[in-house]
Amino acid sequence: MAGHSKFKNIMHRKGAQDKKRSAAFSKLSREITVAAKMGTPDPDMNPRLRAAVNAAKAASMPKDNIQRSIDKASRGDAENYEEVRYEAFGPGGTSLIVEALTDNRNRTATNVRTAVTKNGGNMATVAHGFDRLGLITYPAAAGDAEKVFEAALEAGAEDVESDDEEHRIWTSIESLHEVARALEPALGEAEGAKLAWRPHMQVGVAEDDARQLLKMIDALDDDDDVQQVWGNYDVPDEVMEKIA
């Protein structure tokens, strides 16, 4: 297991969803409904649903909203969403993987392609530059880096990355939920537990490319169907301060 390497948040800028709380809740509701529909509506018996509920709680989503999303699946009146993935090159030689839940593939594909091409990118196959892994996240307040590292090692994780904002614990796909449960006695419930795309290497992005890249990510994130945007970009702190 590697040590505590600094790792930029490659999903999206911190706070982006805070400014779009309604849209964020909509995405979380969709994931809860899909997870409940695919398995049992009991979070204790459905690892994906439990992870979705925990993510919703971490985003301060009201309990009533969470329960309504579960009930929607239980009643059988939920939309038929399917999981789709899109891949693209972004500005500055970056690579992006876009995950969506959609009830209309044509609409989603068109919207994703438009967001990418209008912001200096193009659709391309890039998944070979990433590993598909499990990712468990805890806020920095869960414990210091050494405590989290030791707990993750004991629980069977593969790698840990800690910084001032959070701890990221990487696992194999198969052991994601097993490791998440094993961490709870030491660290409590995780803020998130999901399948993720981890880049083999980070690509440094200069100011002009970073500005265009973040416009692209914001455009993708604004789409109701898009659940997550993963990337291999590394925007230096000083550049982020200029363009934030």
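Biologist: Contact here means heavy atoms within 4.5 Å. Which residues does Thr137 touch, not counting residues up to four places away in sequence?

Modeller: This is a predicted model. In it, Thr137 touches Glu166, His167, Arg168, Ala190, Glu191 and Gly192, with residues up to four places away in sequence not counted.

Biologist: Where is Thr137 found?

Modeller: In strand β4, which covers residues 130-139.

Biologist: Is Thr137 buried or exposed?

Modeller: Buried, because its relative accessibility is 11% and the cut-off for buried is under 20%.

Biologist: OK. What is the strand order in the sheet with β4?

Modeller: The order is β5-β6-β4-β7, an open sheet of four strands with antiparallel pairing. β5 (159-162) and β7 (192-199) are the edge strands, each pairing on one side only. From one strand to the next, the twist averages 30°.

Biologist: How many bridges pair β5 with β6?

Modeller: Four, in the antiparallel sense, with β6 spanning residues 166-171. Within that pairing, Val160 stands opposite Ile169 in β6.

Biologist: Which strands does helix α6 lie across?

Modeller: Helix α6, residues 176-187, lies across β4, β6 and β7. Its direction runs at about 20° to β4.

Biologist: Now the sheet with β1. What is its order?

Modeller: β3-β1-β2-β9, again an open sheet of four strands with antiparallel pairing. At the edges are β3 (122-123) and β9 (226-231), each pairing on one side only.

Biologist: Which helix packs on that sheet and touches β3?

Modeller: Helix α4, residues 105-117, which touches β1, β2 (94-102), β3 and β9. The direction of α4 makes about 20° with that of β1. Helix α7, residues 207-221, lies across β1, β2 and β9 and runs at about 10° to β2.

Biologist: How many bridges join β1 to β2?

Modeller: Nine, with the two strands antiparallel. One of the pairs is Glu82 with its bridge partner Thr102 in β2. The hairpin of β1 and β2 has three residues between the strands, and Gly92 takes a positive phi near 70° there.

Biologist: And how many join β1 to β3?

Modeller: Two bridges join β1 (residues 82-90) to β3, also antiparallel. Ala88 has Met123 as its bridge partner in β3. On the β9 side, β2 pairs over five bridges in the antiparallel sense, and Ile97 stands opposite Trp230 in β9.

Biologist: How many residues of β2 are buried?

Modeller: Nine of its nine. Both faces are covered, with Thr94, Leu96, Val98, Ala100 and Thr102 on one side and Ser95, Ile97, Glu99 and Leu101 on the other.

Biologist: Which residues have the most contacts inside the largest nonpolar core?

Modeller: Leu96, Val112, Leu220 and Tyr233, in a core of 22 residues. β1, β2, α4, α7, β9 and α8 (237-243) each give two or more residues to this core. α7 gives the most, with six residues. As for Val112, it touches Tyr86, Val98, Met123, Leu220 and Val226, residues up to four places away in sequence not counted. Another core lies apart from this one and has 18 residues, among them Ala51, Tyr138, Ala151 and Ile169.

Biologist: Switching to the helices. At what angle do α1 and α3 pack?

Modeller: About 40°, with α1 covering residues 21-38 and the axes 8 Å apart. That makes α1 oblique to α3, and their crossing is right-handed.

Biologist: Which residues meet there?

Modeller: From α1, Ser29, Ile32, Thr33, Ala36 and Lys37; from α3, Ile66, Ser69, Ile70, Lys72 and Ala73.

Biologist: Which loop holds Ser60?

Modeller: The loop between α2 (47-58) and α3 (63-75). Ser60 has a positive phi of about 65° although it is not a glycine. Most residues other than glycine have a negative phi. Ser60 counts as partly exposed, at 48% relative accessibility.

Biologist: Last one. What separates the C-alpha atoms of Asp237 and Lys72?

Modeller: 42 Å, for residues 165 apart along the chain. Asp237 is in helix α8 and counts as partly exposed, at 40% relative accessibility.

Definitions and conventions
Residues are numbered from 1 along each chain as its sequence is written. This is a predicted model: local features need pLDDT of at least 70, side-chain atom pairs count only at pLDDT 80 or more; totals for chains, interfaces and linings use all residues. Side-chain values use heavy atoms; hydrogens and water are left out. Two strands pair if DSSP finds at least two bridges between them. Axes are lines fitted to C-alpha atoms, for helices over the stretch in contact, and angles run from 0 to 180 degrees between N-to-C directions. A nonpolar core is a set of buried Ala, Val, Leu, Ile, Met, Phe, Trp, Tyr and Cys residues joined through side-chain atoms within 4.5 Å. Buried means under 20% relative accessible area, exposed over 50%, partly exposed in between (1.4 Å probe, protein chains only). Angles under 35 degrees count as roughly parallel, over 145 as roughly antiparallel, 65 to 115 as roughly perpendicular and the rest as oblique. A crossing is left-handed if the near helix is turned anticlockwise from the far one by less than a right angle, and right-handed if clockwise.
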